[in-house]
Amino acid sequence: MITITTTEALAAFCDRARSHPYVTVDTEFLRERTYYSKLCLVQLAVPGDAEEDAVLVDPLEGDLSLEPLYELFRDESVVKVFHAARQDLEIFFVQGGVFPVPLFDTQVAAMVCGFGEQVGYETLVRKVAKAQLDKTSRFTDWSRRPLTEAQKSYALADVTHLRVIYEKLAADLDRTGRRPWVEEELAVLTDPETYTVHPEDAWKRLKTRTNSGKFLAVVKELARFRESYAQSRNVPRNRVLKDDALMELASTKPQSVEDLGRSRLLLREARRGEIAEGILAAVKAGMAMDPAEHPQVDKSRDKMQVNVALADLLRVLLKAKSETAGVAQKLIATSADLDAIAAGERDAQALRGWRRKVFGKDAERLCKGEIGLVAKGAQVEVIEVD
């Protein structure tokens, strides 16, 4: 097994990769103790069976720059193949400001090709590559050096089997004409907004117990402080302030360090120093916020008049269309999409793009009473309604 620890060696491999139609990519990282993922290893492979066709890139050893890899990512003549790429792409976007183009995600492709909901890599290795994975190294500490031979073998398997899986899925997509479907899905993965957390919007991730404007104003300012502090110090947000403690503080609205000391849920480290000061300043800012600027919870979905019977029919239609097309239901439409359609909304994702062809057009016709559903044995069929 070849482990690359110098920029020169990485550049040489990336130059070789440009002579191939694709390169498979995976990473190993840690995130338990940081806000941003700590990249510990990059695995790369190109078509072929030679030892030098699959390598490990160790960013923690030696004096290594990943710029040659980023240059390869920018080279549009080579497809970059990942499985479940979201976390990998976030690492490269945060560290290098780059997205691999063109991108291929075998998890998304497998959902389009009939392998079910969010199919795992191990399943694809077994079903497509006809191999078994040794999972014993999956949860090891990838930041510790030296890496064991078992760790290296496990890591390489994540890109060597991926070559077989990619070639099979790519061929299936070309045969069925569904490659544009996958490309439509992957556009979200290469949008910077997918990985950008704005502190001022951090409160929207929290489940609140009340819709009071004053309460939400303090929640917003506490969440903003927590997110900004966590990002600037590169620590997990829950190491700064846990969700339940944040809600407690929004209710009690402490005015002093002494008040913080009475909290039941606040971490000890947050009762003094910079975090304590930040909490008190956030509470003060929230309480002083102009009522006209108070955050508002989106109540539009609560007000939806969902036709429950129609929503149930749409679920039956979705299942039938999913089975006919061989595409995972979850990829076509979510439960929220179906409820929105049944409530009369027509801007749901399930009614646009490739989804419209597979499901959306008939979903609209079902809502209008133009078609019906009949059971024939174990199958559900669409019939025209006169």
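Author: A crossing is called left-handed if the near helix is turned anticlockwise from the far one by less than a right angle, and right-handed if it is turned clockwise. Please keep in mind that this is a predicted model.

Reader: OK, so what is the handedness of the crossing of H14 and H17?

Author: The crossing of H14 and H17 is right-handed. The axes of H14 and helix H17, which covers residues 353–368, come within 10 Å and cross at roughly 150°. Since angles over 145 degrees count as roughly antiparallel, H14 is therefore roughly antiparallel to H17.

Reader: Which residues in H14 and H17 meet there?

Author: From H14 the residues are Leu310, Leu313, Leu314, Leu317, Leu318, Lys321 and Ala325, and they meet Val358, Phe359, Asp362, Ala363, Leu366 and Cys367 in H17.

Reader: Let me zoom out for a second. How many helices and strands are there in the protein, and into which domains is it divided?

Author: The protein has 17 helices and eight strands, and it is divided into domain 1 (2–194), domain 2 (199–293) and domain 3 (301–384). Taken over C-alpha atoms, the centres of domain 2 and domain 3 are separated by 42 Å. The C-alpha atoms of the protein fill a box of roughly 75 × 65 × 35 Å along the principal axes, and 46% of its 386 residues count as buried.

Reader: On to charges, then. How many salt bridges does a search of the whole structure find?

Author: The search finds 28 salt bridges. Side chains of opposite charge can pair when their charged atoms come close. One of the cases here is a network of salt bridges that links Asp15, Arg18 and Asp75.

Reader: And with what does Asp339 form a salt bridge?

Author: Asp339 forms a salt bridge with Arg315, and their closest N and O atoms are 3.3 Å apart. Asp339 lies in helix H16 (residues 335–342) and Arg315 in helix H14 (residues 308–325), so the pair ties together parts that are 24 residues apart in sequence. Asp339 is partly exposed, with a relative accessible area of 22%, and Arg315 is also partly exposed, at 29%.

Reader: What about Arg224 and Glu221, where do they lie?

Author: Both lie in helix H8 (residues 213–233), three residues apart, which is about one turn of the helix.

Reader: Is Glu221 buried or exposed?

Author: Glu221 counts as buried, because its relative accessibility is 11% and the cut-off for buried is under 20%.

Reader: Last one: where is Lys242 found, and which residues does it touch?

Author: Lys242 is found in the loop between helix H9 (237–240) and helix H10 (243–252), and it counts as partly exposed at 41% relative accessibility. Not counting residues up to four places away in sequence, Lys242 touches Arg226 and Leu267. The C-alpha atoms of Lys242 and Leu267 are separated by 8.1 Å, although the two residues are 25 residues apart along the chain.

Methods. Residues are numbered from 1 along each chain as its sequence is written. This is a predicted model: local features need pLDDT of at least 70, side-chain atom pairs count only at pLDDT 80 or more; totals for chains, interfaces and linings use all residues. Side-chain values use heavy atoms; hydrogens and water are left out. Domain bounds come from an automatic or database domain assignment. A salt bridge is a side-chain nitrogen of Lys or Arg within 4 Å of a carboxyl oxygen of Asp or Glu. Helices (H or I, at least four residues) and strands (E, at least two) are DSSP runs, numbered from the N terminus. Buried means under 20% relative accessible area, exposed over 50%, partly exposed in between (1.4 Å probe, protein chains only). Axes are lines fitted to C-alpha atoms, for helices over the stretch in contact, and angles run from 0 to 180 degrees between N-to-C directions. Angles under 35 degrees count as roughly parallel, over 145 as roughly antiparallel, 65 to 115 as roughly perpendicular and the rest as oblique. Contact means heavy atoms within 4.5 Å.
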